[in-house]
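Keep the viewer open as you read.

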Amino acid sequence: MSQIKRTRLSDGVYFSDVRDSRFKTMKISANIIVPLSEKTASANAVLCGVLSRSCKAYPDFTALSKKLSSLYGAELSANIRKIGDNQVLSLSVSGLDDRYALGGESIARELSVLLCGVIFKPNLQGEAFVSSEVEQEQRQLLDVIDSEFNDKRIYAVGQMVRNMCADEVFGMKRYGTAEKIKEVTPVSLYETWQNLLKTAVFEIMYIGDSSPEKAANVFGEAFSSVDRAPETAQTQVVLSAGEVKRVVEEMDVAQSKLVMGFRAGTALPDSDAYASMLMCAILGGTANSKLFCNVREKQSLCYYCSSQYDRNKGIMIIDSGVEGKNVEKLEAGIMKEIEDMKNGVISDFEISATKLALVNYFQSSNDTVSGIESWYCSQLTGSGYLSIEEMSKMIQSVTKEQIVAAAEKLTLDTVYLLKNK
Amino acid sequence: MMNETAIKEIKSDRAGDSYFKIAHSSGLTIYVYPKEGYRSAYAIIGAKYGSVNTCFSSDNGEKITVPDGIAHYLEHKLFESEEGDAFARYAKTGASANAYTSFEKTCYLFSCTDRFDESFEILLDFVQDPYFTAQTVLKEQGIIGQEIKMYDDSPDWRVMFNMLQGMYHNHPVKIDIAGTVESIAEITAEKLYDCYNTFYNLHNMVLCVSGNVTVEQVLKTCDRMLKPSEKHEIHNYFEEEPYEIVKPYVEQSFPVSVPIFDFGFKACADKPLDEAELAQTEILLSALASPTSALYRELMDNNLINNTFSYELFEGPGYCGVIFGGESRAPKQAAETIKRYISSVKQNGIDDEDFEIAKKAVYGDAISSLNSVSNIANMMADYHFNGNELFAYIDAVASAEKADVERRLARLLDVDNCTLSVVKQAEG
């Protein structure tokens, strides 16, 4: 895999670059990591959106869009994620590599300066953001919250997590709550911005062919005048579940959604997490998984039934869409597959095929700019970056005994059912 | 009679890449786009056969009408053979496989980073080896039934098909790709064979491979695996479709908290757009409705759209149009604003700066899309079925003229021939 080089620019500010000449585009992302908290999550989310809409040099949305489009359709995007108990705000720019500019412009340099400007020189009026920009972003985020209800699969998984982790920070949404979003003002957002510059950990990532030093310098200089006191959160991992919580919600929908949440008994940095990753993929992560082959293909109960392991939080989620009358059958079918795994009913073929599928999936991510970027970004809150080869080795070395042990650690915590009326 | 295999290299100085177009002796057209330095490879084989092809004849034989959703059903069932299913075979190679059915084509694909030849053989084998029995066909009803119900609950899917029902009187594009629970109950093994034997003929198919492969490598497996086929004349029957829409407004109540809309402009669809027309259309839509445009600004400032706003050209055999859509608290006002803006641009012409910026943006997108092996292969398949070439499109973007783009505007966007579809929460 293309090598990553990480250097420290300031206290809690790191610049990583991956030099790669295979692509026609480049990308720089600034990943801003802060502890997830009810107090700050919504304001941070609003800020991230506002910063991506305009800046001092391009003080409104149209001016900024025109600048980007004239750089051959370059993109500036904002993204908010939850990685364990941390909130990760990302601002990124991507565009054509300089080789393809019709007029010989340096797109990479312009984009580095633009991204830095967006973060350090926003569009301000004194010590406040512009109110129309803030209002516009509040509206966008409130719509995002509302629209999660539109997609019932996303909604059902969200409801399961909310119930399962009701007493944990992780139970929060990545952008907090509608109430807190509405409380943001142009003045409070200025404080949020100042606070982020001081306390967040910044991981800046550069992927492309052109020289990254210029971009590193631009950011290094910008941070040199900032007084830094970075903080991050340790993710709370609940190792096993108590009594099973059951939540049923009725709605006028055609298909019921069953979502089951398990405590996996392990999370990163514990190296057992790799066995859990493989165990989860054997159970429901591929088109040869136990859930796919048995619950879908043999029993014809559903179109999708898959499992996902969150290695940072140490939980596993199984979700499926099913006919209302078959819900119990489905739940029993899922539990049977898990029992089988606990009892060691796993063939050598299932293990080797799933290892192969995971490694294939890892390796494919090295062939796109966004794949490389998300490979490293998924490890942002860890203690360092594993390359594709290193992570593949971890997966390859997992034994059947470790897979069974990982399955034995699973405890069912919450069953959420969105039931059709 | 067996033809010779012919290989042609197609180069692009702009992209700095080249690909190979091969007329294979079996009758299949093959595209190979090697990507230097890549570990992964992606292969897709497609038949020019989609959900709209429900009434057809082969070699002037009997006209056959088949149930709605059968192309998609066939896609599911083709994975099975007498020996088991293709997913289990792919499991041995580690490839990630999938398939999809759209209005106008059915495609089977895989991506891998190792053991390409083995996976490629599996793909070519199962696509040429149908195995349908009463029992295996019946088993799929439960699975596809749940797939249909999943889409029934998808507001994005519903809003689009409601719009198509409002736009098209007769064209089968208005019917759900997967059909209905009732229509798929009529599907039999015999009907699946009728469809398979008509459309899964190598002359009616295309194979596209990109990434870590060579032409020699691809041809070696193809020469061994492809069963030469006789060319058949396929005739698809579509009822006459009037130019006019059915109705201008369609609404459905649905459990959603943000209403969504699709606003479709129906256009004349006498022949597929060529590369130049496609390029002009993309530039036109970018100039009109991308975040750079005055229209986008007006819609945003008046809180009529949010970040989900998008637009697309929508084109296939016998249908053509443009869809604007997204979430909106006031879809009717959004649609009125779009109409008003289009009328004014029609009257005053496209602004020079808007045109230049849009051209650069579309050009950048076209070049960027050549980063991804899956994008490349999928685009080559799409272009092929309409008689177009990928690099010719990129050249057409670079050489597009404003006057041509304005002519596209006049042809594509008739403000008196559009349907607004809205999905929103029941009132009260």
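Start at Y309(A), whose bridge partner in β10(A) is M316(A). Keep in mind that what you're looking at is a predicted model.

In chain A, five strands line up as β7-β11-β8-β10-β9, making an open sheet with mixed pairing. β7 (245-251) and β9 of chain A each have a single partner strand, so these two sit at the edges with one side lacking a neighbour in the sheet. If you ignore direction, neighbouring strands here are turned by 10° against each other on average.

Two helices to look for next are α5 and α11. Helix α5 of chain A, residues 152-164, packs on the sheet and touches β7, β8 (256-263), β10 and β11 (411-420) of chain A. The direction of α5 makes about 140° with that of β11(A). Helix α11 of chain A, residues 327-342, also packs on this sheet, with β8, β9, β10 and β11 of chain A as the strands it touches. Against β8(A), the direction of α11 makes about 30°.

Where they meet, domain 1 of chain A puts in 27 residues and domain 2 of chain A puts in 24 residues. On the domain 1 side, β2 (13-19), β3 (25-35), β5, α5 and β6 (201-208) of chain A each supply at least two residues. Helix α5(A) turns up again here, giving the largest share of that side with nine residues. By type, the domain 1 side divides into 14 nonpolar, nine polar and four charged residues.

Finally, bring in the second chain. The contact between the chains takes 50 residues from chain A and 52 residues from chain B. On the chain A side, the elements giving two or more residues include β9 (302-310) and β10 (315-322), the strands we began with, along with α2 (61-70) and α4 (131-147). The most comes from α12(A), with eight residues. This side of chain A divides into 20 nonpolar, 19 polar and eleven charged residues.

As for confidence, the predictor gives the complex an ipTM of 0.88 and a pTM of 0.92. Chain B has a mean pLDDT of 95, with 99% of its residues at 70 or more.

Conventions. Residues numbered from 1 in each chain as written. Chains lettered and ligands numbered in written order. Predicted model: local features only at pLDDT ≥ 70, side-chain atom pairs only at ≥ 80, totals over all residues. Contact = placed C-beta atoms within 7 Å. Helix = DSSP H or I, 4+ residues; strand = E, 2+ residues; numbered from the N terminus. Nonpolar A, V, L, I, M, F, W, Y, C, P; charged D, E, K, R; others polar. Pairing = 2+ DSSP bridges. Axes fitted to C-alpha atoms, helices over the stretch in contact; angles between N-to-C directions. pLDDT = per-residue confidence, 0-100.
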